[in-house]
Structure formats: C-alpha cells, structure tokens
Amino acid sequence: MKKVAVFPASGKLGSSVYLHLSRLLPPDRLILICRHPDKVPQDLVKSGVEVRTADYNAPETFKDVFNGVSYLCLISYPSIEIEHRFRSHQNAIAAALDSSPGIEHVFYTSLGFGGDGEPQSAAYVMQAHLRTEAWLRELASNERKFTFTAIREGIYSETYLMYTAFFDPKSPAEKVRIPHDGSGPGVAWACIGDLGEATAKLIKEYVDNPGDPMYINKIIVLSGPKAWSLKETVDLLGRLAGKKVSIEQVSFDEHATDPKVVDALGSHGPGNNVSRDWTTVFEAIRNGETAVVNGELERLLERPPESFETTVKRMLGA
C-alpha cells in the first residue's frame, strides 16, 4: 500500500490540499508532516491519519520523516525570496529521496506565473519556483525511479490586495496606484479552496493510475475561468465599495517605495528590497504570464470554479 504525504501540512493551500485528500484516500494512506502536529484536526488523527513533525527551517528534522512515503505533495516555502526558498525545497526533496524506501513521485506546488509552463518569468517571486522545477527535471533525468509533477497554482483571488497596492475599498481613496495601466492581458484569479481541492484530485488521479504520462515530469497549470484585466479588477472593487475607483499608473520606483506597499510586504521575505522585488509582478502580468485559461481547474473540480467576484464579495462581507 503506497502512502501519500503532504508537507508542510499547514497554511491555507496545504490545509486545503490535505483536507480534500482526507476525503479521497483511506486514512491509513495519508501522512501529514508539519511544524505543529497539534494543529491538525483531531477528527483526522482519530480516523487514522498519521501526523509527523518537521520544519523547513530545521532540515535536521527531515531525518526519517519521509520513511514509508511513496508520493510527496511538497507545498512551497512561504516567501518571495529565492536562495533560501530553493534550498529549503532541495533539502526536503533530497531527504525524501534518501528515505526508506525513497519517494517515487513529487507533486510540487509551484506558482501561476510563467504563462503556459514556460521556463522563464519576469516576476522575482517566480524565480525560486523555476529553479525548483529545473532541479526536479534534472533529478528525474538522473534518478531511474523518480518522477515529478509541478503544479503551477493560479494566482490566488484572496491576494488581490497585493496586485492593487493594498487598496482598501472601505477607505475614502478612489485611486489604485500601480505601475500598470490596467489593460489586458490580466490575471486568471483562482480561489485557494478550489486550488486545494483540484490539487488533491490531481494527486488522487495519479495514485489511481501511477505513471500516467499526463503527469510524468510535466508542468500543470491550474488557473481560474477568466483572465481579469487589472482595470476590471479595480472596477469590481469600486462597484463593491459603491464608488468609482480608477487606476493611476505610477513608476516602478513609486510603487516599490510606497509606504503602504512596503509595510504590507514586510513579512514576505528577508532584506530591504521586498517591495522592489515584488513590483516585478506587474511586468509579468503585462507580458501575459498570468492570463492562461485552460479549463484544467474545472476538469478536476467537475464543476465551475468559484468566480473572482464571488470570492472578493465574501472577503469584503458584501
């Protein structure tokens, strides 16, 4: 009986993935690995789901933690930084390969930049993902029994604030100041719950049919049903706020030094350049990297994904 592990089994995406997996797999086939095992719902523990302890920032905790795991869903390290993020992924995957008997397949949660599986991106936040994908490809070419699927999770609807200079619809402000004119191509927003469910169902498809060429050493893009231009995104915020809101295009430097942006992004990576690094996403959007709409999310969900408008309404209590 081959087992599936989720690491880290925490955070919004990781929690969504494992909760949906727990409904698709027998409990004795699921292993959850996280920093705080006590935060795993007790009903899952009581049902027979195994919980183990490990931490990206403490690689010594990886020793033996992946033993008995055949398929690993690796949730990416939560930062926009490149080197530490990539090394964290490397350490976890290397430990999983060295475990007993060694993992056979990794499902890696990448990010929805880079268009339709392209190996480059203008977005700084995508660079650690691209390096991880490239390293997985290298491993698969050298390790006879190892394969991977890189799942480029669509741009979260819930993060729209990060793409609108943290505009607060409840404030009196009527301008969204970003380094973009708002025109298309845009962003195929997808909500975290749908992405977690679809990722779990993708894993289940593979578990039921190991070696499916659809997933062997492939990049799969999961994205929402429509690419919203940034102007359409801002227009929606205005409608929900009951006022007219427009985009004011500013320079790269103006956005990167905007105190509101700098303060809000402070926890997303080390160093003093986080807001400047983040601002590169607007060039990626301009290039069409986030506008892919391919229907794969809907196929896996077997229903229409939640619309961006529905998610934002729920977030705003509208």
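Let us begin with Pro 8, which sits in the loop between β1 (3-7) and α1 (11-24). In this predicted model, the peptide bond that leads from Phe 7 into Pro 8 is cis, with omega near -15°. A cis bond is also found between Ser 100 and Pro 101, where omega is about 5°. Pro 101 belongs to the loop between α3 (83-98) and β5 (105-111).

Ala 165 is not a glycine, and its phi is positive, near 55°. This residue lies in the loop between β6 (147-153) and β7 (175-178). Glu 302 is likewise not a glycine and has a positive phi of about 60°; its place is in the loop between α11 (296-301) and α12 (308-316). Are these two residues buried or exposed? Ala 165 is buried, with a relative accessible area of 3%. Glu 302, at 68% relative accessibility, counts as exposed.

The largest nonpolar core has 35 residues. Those with the most contacts inside this core are Phe 113, Val 125, Tyr 163, Trp 189, Trp 278 and Val 281. Two or more residues each are contributed by β7, α6 (230-241), α9 (274-279), α10 (281-286) and α12.

Setting aside its neighbours within four places in sequence, Val 281 is in contact with Phe 113, Ala 123, Val 125 and Tyr 163. There is also a second, separate core, of 33 residues, and among its members are Ile 75, Phe 107, Leu 300 and Leu 301.

Finally, I come to α12. Which of its residues are buried? They are Phe 308, Thr 311 and Val 312. Because these residues cover an arc of only 95° around the axis, they are on the same side of α12. The elements that cover the buried residues of α12 include α6. Just after α12 comes Gly 317, which takes a positive phi of about 70°.

Notes:
Residues numbered from 1 in each chain as written. Predicted model: local features only at pLDDT ≥ 70, side-chain atom pairs only at ≥ 80, totals over all residues. Heavy atoms only, no water. Helix = DSSP H or I, 4+ residues; strand = E, 2+ residues; numbered from the N terminus. Buried < 20%, exposed > 50% of the residue type's maximum accessible area, 1.4 Å probe, protein only. Core = buried A, V, L, I, M, F, W, Y, C linked by side-chain atoms within 4.5 Å. Contact = heavy atoms within 4.5 Å. Arc of directions from axis to C-beta.
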